Amino acid sequence: MSHSPALTVERPSAAPPPMRHGSSTKRKQNIAAYLFVLPFFVVFVAMLVVPLVYSGYLSLFESKLIGGDAFAGLANYVRALQDSAFLASIGRMGLFFVIQVPIMLGLALFLALALDTGRARGSKGVRLLVFMPYAVPAVVATLMWGYLYGPDFGPIAQVARAVGFGTPDFLSPVNILGSMMNIVTWEFVGYNMIIMYAALRSIPGELYEAAEIDGAGQFRIAWSVKIPAIRPAILLTVIFSIIGTFQLFAEPSLLNAIAPDAITNSFTPNYYAYNLAFINQELNYAAAIAFLLGLFIAIVSYIVQLSSQRRERRERSAS
Amino acid sequence: MRNAPRTALSLGAGAVAAALILSGCTPGGGDEGGDNGPITEEQREEALNTPTELTFWTWVPDIENEVALFEEKYPEIDVTVENVGQGLPHYQKLRSAIEAGEGAPDVAQIEYQYIPSFVLSESLLDLTPYGAEDLSGDYVDWAWNQVAPDEAIWAIPQDVGPMGNLYREDILAQAGITEPPATWEEYATAARAVKDATGSYISNLGATQAGQMIGFFWQRGVKPFGYDGEETVSIEVNSDEAKEVATYWTELIQQDLVSTDVDFNDQWYQGLANGKYAGWLTAAWGPVFLQGTAEGTSGLWRAAPLPQWAEGEQVAGNWGGSSDAVLASSENPIAAYELAKFINHDEESAMMLATEQFLYPPQLSVLEDTAFIDQESEFYGGQQVNKLFADISETVDTDFQWLPFMDYVYSTYEETMGTVIADKGDIAAALDEWQDQLVSYAEDQGFTVE
Amino acid sequence: MTALDTRAAVTIGDTTGSRRAKRNFDPKKRRSVLLTVLLWLCVLYFVLPLWWLLVSATKDNSGLFSTFGLWFGGGFSFFENLQTLFTVRDGIFARWLVNTLVYSLASAVGATLLATMAGYAFAKYEFPGKKALFSATLGAIMIPLTALALPTYLLFSEAGLTDTPWAVIVPSLVTPFGVYLMRVYAADAVDDSLIEAARVDGAGEFRIFWQVGLRLLGPGLVTVFLFSLVATWNNYFLPLIMLNTSDLYPITVGLAQLQAAASAGGGSQALFSTVITGSFVSILPLIIAFLFLQRYWQSGLSTGSVKG
């Protein structure tokens, strides 16, 4: 993982200062560095590592309402891999990822590129307004969209009826996944756009100055100069989206209030783990599910990175 | 209090009951009084005259007023009322706090169907030694059986929900129906007439509303659940009678005579207010609730008993209702018991619960009080609705039981029954699926299933 | 992950330095009408739901269900709604607002400080174990946090810290992503020669950090602060699990509880319009803070580009 060629792209400025001092200076600097990272890692260990280990410990046990607990080894993991509800939830999120993420990131990329050209009026306003949903809590966003989706009083249905399209049923079991995709897209396009936009602003002008003078159109420049240049930032948003998608929790749990027939207990893996722990009172099994989920996310993220690197290498050697 | 709709909005909270089993420890004792015999009058006096702080978890709005009466009577005792959520989140928080060994209240509101799960975890105090036995005659039988299913007494009944039929007289009249349907057969005929004449549904069957369906079972004499207080449960949600109920609703739904909207959300509220539903088969807490929801239709509604399975019979089911229990971990069990008792037994307090919070009373003193039952309700065209439900209350089957894992029961109901009802599928067939899941869960959890 | 961080670091880190070059390069732009229209159409999608919220906050319960959702109608009840909102349950809503503010600010300040120190160290020092520590930090981004909620709760209750503000604030202090961002910014914004010069002058490492580093890290600080603020402000799950006393609730948990009470009726509490008004009020401070910080962030960026 650490031997990828990309590692060599370290910024010069980030490289350590040349060593001109004695080893005592070096030691002093090491101590300073440790002291700098210490506060973060104290909280990190206490709030992430310890609960994680504890949770891993819990996942090795089996508890019953009658008869108490017993060491179960990997039984919970075996059960999880055969649990059709869990596998279906992973599949559902896979579908979510394949459809929603490209739309969301595509839209974010389009907006970022459009804003970067500076050719639209009120760019600053656009940027701000598109980013605004990020500041809306998931609780409020889902509540709001719940009303907007409403078949009788939701404005979307009102408009649809007025123009003769009939009443769309956003909350039916068939459509709920799409409706959820929409909420997540609405919440996070702005966030991803900002990441990409920041990356675009950092492309040195000289890179496409030449192209522009050559008379290349904006689309060409965007496609062959800008997008390749911000590929790492795009990769970052993809990774975040993988993590975000497979960890979806607030949206399904809040949508369950208005569409309990459409949102099953195992709608998303994370929501399933939660319900296992809190409704079924199977905390240990829930811990195993959560562990597998984390592992799965790590593997998918790694594969995405790897394939992206391979592609880049291929392109580099081709040119 | 009615069975709160199981909203996921409220799904949060940290129940850790599984961890409780895992760590193998059960909190508190539950037998402090049991070993030492009954509490004496001196002990009671002493406890009530010692400065004491109590915490009371409940979601009854403005119950502070009743608590104030208690504090007035016992000035040494200071009660903090806390609303930690309604229904499910409330129980999850309660379990977490019990498991954590601190932060649990002294007294907690618990709906009847959840009592067994707290009995199972030995979290409740047996109130027998504190004198609760003496109260048994002061409540309707079946409500008392809910809090005292066996030897022990686990809580004091607070309110109940005997079921009836609220309907729009004007809409039914348009369909030529002048008397509320007396039998389910008549109800089905009326449903057809109402739909044809007015386009309204005669009522709505909340797709995921287990409480309502279980209420119907209760009326039909189905005994879907049983629990011996130890390790044995009985589960039979797919009995012939249950299937009869299910098939009845399947037919109405498939003919589009009854809607299956999810209840207790804004769409559903509006359906009640704008005549989409010409009626609501609900519990005794329903009338006032409806009044607040459909103000615009005041005077048009009437109340009647549920339609019957056999002509001439009078049987009802129950939907919802709560009790107040004392937790085994309470350090001031005597004062805590007195609080639970006072709120639901003191005449003034009980009357306030019925007339200010509109909880339907299980207390005979209120049910027999003319100030309560003779009240005429304008919303129902001057009908004495309280009187009607007081009569219905006497017809509720007395030995209905629950399982010690109702969270799971309701959650699987949504998964198995809820989706089928929403899809207008065969509800009777879904009962088998529900049954299978419940049995397999119970066995996995180590229960003996009869 | 290592590959990811360095490479992404390059792109984001550059934000500070190279805007100037670009601005010089493009003094005048041709405006494109098509693009403008397209962009503002997109904006509609993002703004309409919020517009609906604003409009709905002015309606009473019956107006909510009897008028067109995207326009005013059925009387103007905004102030009545506000009044109900701030008086329901003895005005507990104001309390929730204050709680949210306290939790978010405390978490954001703490998280930013921790992340800045760690990020600065990762960017500017070579020390044994650096790579391992940094990988661990990045790996942590992938942990499903809800999975940790339960064990965290158990651990907190062992320590007797549940149902206290600490239970909400302390877990929010860990922002692996913040560390990552700060490393990126520090790598670029703090010039090594400045640090070297300060060292030659005899300044200690901590003085260099406080006096040289922090000043140059302004824009990064604001960004991390902003993200932590939003994260805590919007957090629903953690406080929901940790807190039992309604006086301690933040606004998200409070609103959800009000909404649950609204849909359950609670006797005669049909609180729909109150909940909607509450939602509206709850996002205002964040949007205002965001606008304010956005401006700061912009100016921070240009300051960064002047540096040298």
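Here are some notes on this structure, which is a predicted model.

1. Let's start with chain A and its two domains. The domain assignment puts residues 27-71 in domain 1 and residues 80-318 in domain 2. Going by C-alpha atoms, the centres of these two domains of chain A are 30 Å apart.

2. Who does the touching? On the domain 1 side of chain A, eight residues take part in the contact, and domain 2 of chain A brings seven residues. Look for helix α1 (23-58) and strand β1 (61-64) of chain A here: these are the elements that give two or more residues to the domain 1 side. That side of domain 1 of chain A has three nonpolar residues, four polar ones and one charged one.

3. Now over to chain B, which has 20 helices and ten strands. Its radius of gyration is 22 Å, close to the 22 Å that the globule rule gives for 450 residues, so chain B is as compact as a globular protein of that length.

4. How much of chain B is buried? Of the 450 residues in chain B, 61% are buried. The contacts are worth a look too: among those in chain B between residues at least 6 apart in sequence, 77% join residues at least 24 apart.

5. Three strands make an open sheet in the order β5-β6-β10 (chain B), with mixed pairing. At the edges stand β5 (225-227) and β10 (448-449) of chain B, each with a single partner strand, so one side of each has no neighbour in the sheet. Strand β6 (residues 232-235) of chain B runs parallel to β10(B), and two bridges join them. To find the spot on screen, go to Thr232(B), which sits opposite Thr448(B) in β10(B).

6. Within chain B, confidence is highest in helix α11 (residues 240-254) of chain B, with a mean of 97, and lowest in helix α1 (residues 17-22) of chain B, with a mean of 33. Residues 1-35 of chain B have pLDDT below 50, although this stretch has 130 contacts in the model beyond near neighbours in sequence. Where pLDDT is low, the predicted coordinates should not be read in detail.

How values were computed
Residues are numbered from 1 along each chain as its sequence is written. Chains are lettered from A and ligands numbered from 1 in the order in which they are written. This is a predicted model: local features need pLDDT of at least 70, side-chain atom pairs count only at pLDDT 80 or more; totals for chains, interfaces and linings use all residues. Domain bounds come from an automatic or database domain assignment. Two residues are in contact if their C-beta atoms, placed from the backbone, lie within 7 Å. Helices (H or I, at least four residues) and strands (E, at least two) are DSSP runs, numbered from the N terminus. Ala, Val, Leu, Ile, Met, Phe, Trp, Tyr, Cys and Pro count as nonpolar, Asp, Glu, Lys and Arg as charged, and the others, Gly among them, as polar. The radius of gyration is taken over C-alpha atoms; the globule rule is 2.2 Å times the number of residues to the power 0.38. A residue is buried if 20 or more other C-beta atoms lie within 10 Å of its own, exposed if 12 or fewer, and partly exposed in between; C-beta atoms are placed from the backbone. pLDDT is the predictor's confidence in each residue, from 0 to 100. Two strands pair if DSSP finds at least two bridges between them.
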